[in-house]
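User: I would like to learn how to read features in a model like this one. Please take me through it step by step.

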Amino acid sequence: LSKSSSMSAVSPMEHGIQDFMTKSIQAGTTVDGVPLRSPGFMYICGKPGTGKTTAVTCCSDKATKWARCNGYNKPRFCFINMASSLTQSNCKGSIMRAMLKKIASAIEIDNAAGLQAFEKQLKMKVLVLVL
């Protein structure tokens, strides 16, 4: 992933991210009697400082505006830095708890909520998880 040369330029990767987010927002709606499916997952990788977070943040802002202007529910974005001290514990359980807490905050539910509450909210809301 390479950074855009200017704020107005969109790299091919950013275009792909925007397309993915748009399709994610539209998932579940019906076009010509056929429900649109989720595009699944997108994996973005690269060396530190190559603009991954910058590109995704820019695209998430644009996707939120696009959703609002086109009558879709507001998408939720959850950014989790897997290299941060929050997730550097060697205990798998503490990493999972930290991730669930961030996801719960992003979809606006109590972080002590059970799995059913998560499932219910995730069926109603668009969540883009950025690790």
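User: Where does Ile-80 lie?

Analyst: Helices (H or I, at least four residues) and strands (E, at least two) are DSSP runs, numbered from the N terminus. Ile-80 sits in the loop between strand 3 (76–79) and helix 3 (92–106). The model is predicted: local features need pLDDT of at least 70, side-chain atom pairs count only at pLDDT 80 or more, and totals for chains, interfaces and linings use all residues. Residues are numbered from 1 along each chain as its sequence is written, and side-chain values use heavy atoms, with hydrogens and water left out.

User: Is Ile-80 buried or exposed?

Analyst: Start with the cut-offs. Buried means under 20% relative accessible area, exposed over 50%, partly exposed in between (1.4 Å probe, protein chains only). Ile-80 has a relative accessible area of 4%, so it is buried. Its C-alpha atom is separated by 8.8 Å from that of Ile-103, 23 residues apart along the chain.

User: And how exposed is Leu-100?

Analyst: Leu-100 belongs to helix 3. Its relative accessibility is 38%, so it counts as partly exposed.

User: What pattern does the protein follow along the sequence?

Analyst: The pattern is α-β-β-α-β-α-α-β. That gives four helices and four strands. Of the 131 residues in the protein, 26% are buried. For contacts, the cut-off is heavy atoms within 4.5 Å. Among contacts between residues at least 6 apart in sequence, 52% join residues at least 24 apart.

User: How do the axes of helix 1 and helix 2 cross?

Analyst: Axes are lines fitted to C-alpha atoms, for helices over the stretch in contact, and angles run from 0 to 180 degrees between N-to-C directions. Here helix 1 (residues 12–26) and helix 2 (residues 52–69) have axes that come within 9 Å and cross at roughly 40°. Angles under 35 degrees count as roughly parallel, over 145 as roughly antiparallel, 65 to 115 as roughly perpendicular and the rest as oblique. Helix 1 and helix 2 are therefore oblique to each other.

User: Which residues make the contact?

Analyst: From helix 1, they include Ile-17, Met-21 and Ile-25. From helix 2, they include Val-56, Cys-59 and Trp-66. For classes, Ala, Val, Leu, Ile, Met, Phe, Trp, Tyr, Cys and Pro count as nonpolar, Asp, Glu, Lys and Arg as charged, and the others, Gly among them, as polar. This contact has nine nonpolar, four polar and two charged residues.

User: Which residues make up the largest nonpolar core?

Analyst: A nonpolar core is a set of buried Ala, Val, Leu, Ile, Met, Phe, Trp, Tyr and Cys residues joined through side-chain atoms within 4.5 Å. The largest has ten residues, among them Ile-17, Phe-20, Ala-63 and Phe-77. Helix 1 and helix 2 are the elements that give two or more residues to this core. Helix 2 gives the most, with five. Another core, of nine residues, lies apart from it and includes Cys-78, Met-99, Ile-107 and Phe-118.

User: What is the phi of Asp-32?

Analyst: Most residues other than glycine have a negative phi. Asp-32 has a positive phi, near 55°. Its place is the loop between strand 1 (30–31) and strand 2 (34–35). At 79% relative accessible area, Asp-32 is exposed. Glu-108 is not a glycine either, and has a positive phi of about 60°. Glu-108 lies in the loop between helix 3 and helix 4 (115–124). Its relative accessibility is 54%, so it counts as exposed.
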